[in-house]
Amino acid sequence: MLLDVRDVHVHYHKVAALKGVSLQVPSGGIVTIIGANGAGKSTTLRSISGLVRPSSGEIHFEGERIDHLPAEQIVARGIAHVPEGRRVFPDLSVEENLRIGAFLRSDKAQIERDIERIFQRFPRLKERRTQWARTLSGGEQQMVAIGRALMSGPKLLLLDEPSMGLSPVMVQEISRIVADIVETGVPVVLVEQNAGLALRLASYAYVLEIGSVAVEGPAAELKTNDHVRRAYLGA
């Protein structure tokens, strides 16, 4: 198992955000985490990437415990996190944003090849490579954020609400991009408010409710789960 999250608890001051979350991510495919606002989805990703420290529990990546490591060491081990809201550097160009993703790398020739590979995957970004990130549309900024994460050379990609605030056409484009990333051999943990979209893309799903895993199983099965259908799919 590539990633193993074991009974993780996270507190913000005295408020419990996660209450014993356990999940596993294999070395291929998409695992999704769905749930209502405030359920703990983003906190789960932040605990994996080292942005918040678990109060208790363990997180193992490639068999190594990582929950005690600082975020930059977790990135160096191969976990890249695309946060909610994209968080691009607004007054840097598209290309400068992408190069920041490679800040821990020293393989200059491969970095240049990867930049060109990103531009092949996102032709729109190549057209705007010298443009300030703040002048891009929301969908284009999401492409920059994903491209920046890919520039770290990840073994696992964490995506937090990639479809949020985007047009239906751009949502479909981002969905295609995520599926393409998985096809290249990079597994994805997808946090997504749009449960229908998430369950279509993923092979396995976890439903978080008030900081705990309420339901889990193959995504195809969760589509027909009565509780999931009523609470998240509008059925």
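Visitor: Which residue in strand 7 stands opposite Val-82?
Guide: The model is a predicted one, and in it strand 6 and strand 7, the latter covering residues 156-160, are paired in the parallel sense over four bridges. Within strand 7, the residue that stands opposite Val-82 is Leu-159.

Visitor: What is the order of the strands in the open sheet of six strands?
Guide: The pairing in this sheet is mixed, and the twist from one strand to the next averages 15°. Its edge strands, each pairing on one side only, are strand 6 (79-82) and strand 10 (212-218). Read across the open sheet, the order is 6-7-8-3-9-10.

Visitor: Which strands does helix 6 touch where it packs on the sheet?
Guide: Helix 6 spans residues 138-150, and its direction makes about 170° with that of strand 6. Helix 1 (residues 41-49), for its part, lies across strand 3, strand 6, strand 7, strand 8 and strand 9, running at about 150° to strand 7. Where helix 6 packs on the sheet, the strands touched are strand 6 and strand 7.

Visitor: Within what arc do the buried residues of helix 7 fall, seen down its axis?
Guide: Helix 7, made up of residues 168-183, reaches 23 Å from its first C-alpha to its last, close to the 22 Å expected. Its buried residues are Met-170, Val-171, Ile-174, Ser-175, Ile-177, Val-178, Ile-181 and Val-182, while Pro-168, Val-169 and Glu-183 are exposed on the other side. An α-helix has 3.6 residues a turn, so residues three or four places apart point the same way. The buried residues of helix 7 line one face of the helix, because seen down the axis they fall within an arc of 160°.

Visitor: Is Ser-163 buried or exposed?
Guide: Ser-163 has its place in the loop between strand 7 and helix 7, and, leaving aside residues up to four places away in sequence, Ser-163 touches Val-171, Glu-192, Asn-194 and Leu-197. The cut-off for a buried residue is under 20% relative accessible area. The relative accessibility of Ser-163 is 10%, so Ser-163 counts as buried.

Visitor: Which residue takes a positive phi in the hairpin of strand 1 and strand 2?
Guide: Strand 1 (residues 3-12) and strand 2 (residues 15-25) run antiparallel and are joined by eight bridges, with Tyr-12 standing opposite Val-15. Two residues lie between the strands of this hairpin, and the one with a positive phi, near 60°, is His-13.

How values were computed:
Residues are numbered from 1 along each chain as its sequence is written. This is a predicted model: local features need pLDDT of at least 70, side-chain atom pairs count only at pLDDT 80 or more; totals for chains, interfaces and linings use all residues. Side-chain values use heavy atoms; hydrogens and water are left out. The expected span of a helix is 1.5 Å times one less than its number of residues. Buried means under 20% relative accessible area, exposed over 50%, partly exposed in between (1.4 Å probe, protein chains only). The arc is that of the directions from the helix axis to the C-beta atoms. Two strands pair if DSSP finds at least two bridges between them. Axes are lines fitted to C-alpha atoms, for helices over the stretch in contact, and angles run from 0 to 180 degrees between N-to-C directions. Contact means heavy atoms within 4.5 Å.
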